[in-house]
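I opened my notebook to look up a few things in a protein model.

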Amino acid sequence: MTVIKVGTNPAKLASVIRFHLSDLGAGNGHHEFEHLTRHLARARIASNILPATGPVSSGGDRGRDFETFDARNPVPGPPGSDYLARSTGDRRLVFACTLEKRVEAKIRKDVDALAMQDDVDEVVYFCEPNVPIARRLKLIDEAKAKGLALQIVDGAAIAEWLTEPDVFWIAQEYLHLPSDTVPSGELEQGYVQHRRDWQSRRPIPVSRSDFLAIKAGLRKATFDDDVRTDLLFWLDRMEAFIVDQAPRAIARDAMYEIAVANLRGKGDLTPVSHLVEDYFADVGRHQSIGQITDAVVLLTYCVGANRLDQYRTDEAALFARRRTLEELIERLLGDPGIGPGRRSGLLRMRGGLELVPAEPGGLRDYDRAFAFWGMMLDSVQDAPLYPIEEFVDHLTGMVEYVGETEQLLALAARADEILSKRVGRAAAGEKAIDRAFALIERDEPASAIRELQRAKAKWFSGEQFGGMLRTLLLLSELYGRLGLAYAAKYHAMAAAFIARHEDPARAIDMLPRALLEVLDAEAAAGNSLGYMQLFPVLLVAHVEHDPRPLDMDEHPRILENMGRIAALLGFLKRGDAGTRRHLDAVLTDWPPEIREAILRTAAERTGFWNEGSWDEAWKELEVVLLDRPFGDLGRTRQVRWEALGIEWCCEFANDRATTPGAEQLIAELQLAACAMAGRDLGIVPGGMTIRVGCDGGGTKLEFDVPDGGSREVVVILPAHDRAVDDAADCIALFGTILHCCSVLRDDALMASFDRSTFDPIFVGRPYAELHREFVPPDLFVEEVREAAPAFEPDRPFRSRAGDRIPWFDGPGPTYDHAEALIDIACRYRRVEKSLSHTLQRLRADEPVRKRLQAFHDRGMKDWEILGILSNVALNHRLAGHSGSDPDRFREMGLRLIDEPEHPDDALDPAVFSDDQLVLHAVTYLAAFLNGRGLRAPSSLVPEKLERFLVVRYRLREDDVEHADVFGWGGEQAGE
């Protein structure tokens, strides 16, 4: 019989089988284990096996669970009979099996009993617990001393045997594996013959082996469009198992397969509704982890199909099945004797059940699912046989579907750590890579970077040299996509450094590949001179490492870089011919054929740099560069980038003493910003300038703390290269800058930082060291940088290249819509009461009315305007009490707000001058923050704060129905 192998590879399949073997012990499954091992022994050890029958009390099994019978006489059959080939001949074998955890004592006891019997030559002992080889050999020697040959087949060996297709049916029959757990292989191989074999056969309803063969064909036809026409054929064969003669377990598995094939292959589950109903009719009696898994999966299919009108059924009955499964799992979890392995499996399915809505029209509850899976991982710590790799793969699949969520990736990181301890750091690194690619496919580069950083941390141990370098280069590419050119350059330089100093046989062609990424980052950053200087370094590595370096058809990126240099030179000549002459001198020592080809292209009048106006040519560069071109010319460098809603600008001397350390600081700030992507930091958008100096004498990074509304930080670099132990200094600077821009109070802002902020900061070697490695003094050409003036310093450059780490623009960290409406209604009541007569005077005063009309036209809601007027009034009325005790001063203010205004206390409209209204419009924004449990940033820009509140606190959207306070012409506001 041909069995088509599909699904899980042997190593993963063995781990799944091993876990379900361990579950037999938790479920008192000795009889299933005995049947399983007997069939396995008959298939792999001896064919002439006699099962033990009858109760032990009738005479005792004398240590025998099953044994061979006399097969010395020829057995009728054709030549080459498998039965004869596996017959034991003259030797009498006795088989024993146990699920007991104290297995060595059990084996010794049974061997002692068997050694006293004269009809035993050899003992084969099957046990679920694993037996280390040293102890196994000791037990074998002890048995040999007693005159018995002993073989011990433990759980690990049994699991590996059961992965083989011809005996896999044994695992499926007695371990009740999930239906999606099947051996791997190429479906295409043997399919035609497999179908031909079954055209003239009908399955035996009691045969698990026949069932698996039909299942393989049915799954092939279900999921492979090329043979979808065979679907009805295989469905017909599968229906042979839904008969009274078939064991209930096989019949239910057939119902499952028929349901899946109808839904996934035909897009309609309704025609087999009766089978689905039958399947769930006794679902509570089938309590193995595999059977519960199948039930949860089929329920998921049913609910999804029902929503898509692919399964028309009674919704009440459908969701009653979910409740039944939930109650079953909860009851099994409540068993006081449950072991950690079984508990892990049940919690896995309990979480999976939360991805099925609990009621019609309901949603999946990811939070509860992740909570159950978190508890599962707690149990897995004590369940070494749980197939954690399969769960990690499941989480990767979820990442592909739902994308980044903090809880999901945190679960994946926990699972990775468990996997790392069990099978090695490299395997966990590979899983993080898989999730990263899933996130890249979803166009979520910042999330992909987090996963790649995990892989990088696991592979820097040297276990996966090639994988480590490729990870560094992929990180470089992703950071570049996010507009973080120096973070990209750092990773590319680290890869190039490792490849340069590694054994060439291991590094292969990684050095030129890494240098290409360094060049890409340098060019994108607008460091045009540095980019040109690094190009010859790339050429040398290319010639040294590539077997066909001069075949440009195979190396388009070399030609691409030559064209990019020509374009920059042509652009520079058009904009500043004098500066161009400085750079032409740099090319003097280049290979003549390379230099002349570049200069010839740069001189072409048809180049894009010569098309259109100068403004148009400049805008072309804004589309492809992250920072202004030739930004590394002149005595002072300015590096600009955007991340988290902050426009960063770093200024430093353009000399070799300062540049490596300053660029390292920029790279670290970019890495920290990316690590914080997606977190609500309460950032008020704006700019921040960092002025970097190098006095040559300090031992630590030093910086001032901006105050008085300053948006500038002065930083002094230490004399030495900053290494991994100095990362905290950069994080402190980064936190200080965030504090200047954030509305979060100190404790909330600090809570946003965790280990993941620090880990990416250091990439193998200090950035400054890597910079000097690839840009020695002769390539830095400090004299050229100082002699050539800054290029177009007064022309603004607004990059439109790549993406950015976005500003978090969701609802504010303390925003609650219902509470906001309650607060607005309260403001209307209090201010209208405390300013009732003043408001009458203001409505009649034309100058004030015009000022308020301007506020209204800007989109201000009436409650905000009332708040501003209330602040002006309070400030005026309390002006004479400014020296009072603060608590008393505050008490007076609250009393004035809550007291009805007397007609004689109405304020003169002149109090509400332009200056007062503008001033208090700003102070009102700060007061609004305070009322939401926030603070005004130390570097406050009113226009930016207003935008923050409009976007994140619905300042110009939320309102309640209210009277026409200002007489805008009958306009009424509401939600």
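My entries below go through helix packing, aromatic rings, cysteines and one aspartate.

**Ground rules.** I am working with a predicted model, where local features need pLDDT of at least 70 and side-chain atom pairs count only at pLDDT 80 or more, while totals for chains, interfaces and linings use all residues. Residues are numbered from 1 along each chain as its sequence is written, and side-chain values use heavy atoms, with hydrogens and water left out.

**Helix pairs.** I reminded myself that two packed helices are described by the angle between their axes and the distance between the axes. Helices (H or I, at least four residues) and strands (E, at least two) are DSSP runs, numbered from the N terminus. Axes are lines fitted to C-alpha atoms, for helices over the stretch in contact, and angles run from 0 to 180 degrees between N-to-C directions.

I looked up helix 9 (residues 208–223) and helix 11 (residues 248–266), and found an angle of about 10° with the axes 10 Å apart. Helix 9 is therefore roughly parallel to helix 11. For the wording, angles under 35 degrees count as roughly parallel, over 145 as roughly antiparallel, 65 to 115 as roughly perpendicular and the rest as oblique. Contact (heavy atoms within 4.5 Å) involves residues including Phe-211 and Leu-218 of helix 9 and Ile-250 and Val-260 of helix 11. By class, I noted nine nonpolar, two polar and six charged residues in this contact. Here Ala, Val, Leu, Ile, Met, Phe, Trp, Tyr, Cys and Pro count as nonpolar, Asp, Glu, Lys and Arg as charged, and the others, Gly among them, as polar.

Next I turned to helix 22 (residues 485–501) and helix 30 (residues 659–675), whose axes come within 7 Å and cross at roughly 105°. That makes helix 22 roughly perpendicular to helix 30. Among the residues in contact are Tyr-486 and His-491 of helix 22 and Ile-666 and Gln-670 of helix 30. This contact has seven nonpolar, two polar and two charged residues.

**Aromatic rings.** Rings of Phe, Tyr and Trp (its six-membered ring) pair if their centres lie within 6.5 Å; planes under 30 degrees apart count as stacked, over 60 as edge-to-face and the rest as tilted. I got 30 aromatic pairs by this rule. One of them is Tyr-191 with Trp-234, tilted, at 6.4 Å centre to centre and 55° between the planes. Tyr-191 is in helix 8 (residues 191–199) and Trp-234 in helix 10 (residues 231–238), so the pair ties together parts 43 residues apart in sequence. Both Tyr-191 and Trp-234 are buried (under 20% relative accessible area; exposed is over 50%, partly exposed in between, with a 1.4 Å probe and protein chains only).

I also checked Trp-648 and Phe-734, which are stacked at 6.1 Å centre to centre with 0° between the planes. Trp-648 belongs to strand 7 (residues 646–653) and Phe-734 to helix 31, so this pair links parts 86 residues apart in sequence. Trp-648 and Phe-734 are buried.

**Cysteines.** How many disulfides does the structure hold? I found zero, taking a disulfide as a pair of cysteine sulfur atoms within 2.5 Å. The sulfur of Cys-97 has its closest cysteine sulfur in Cys-127, 10 Å away, too far for a bond. For Cys-741, the closest is in Cys-740 at 6.0 Å, also too far.

**One aspartate.** Asp-729 sits in helix 31 (residues 727–741). Is Asp-729 buried or exposed? I noted buried, at 13% relative accessible area. Leaving aside neighbours within four places in sequence, Asp-729 is in contact with Lys-700, Leu-701 and Phe-703.
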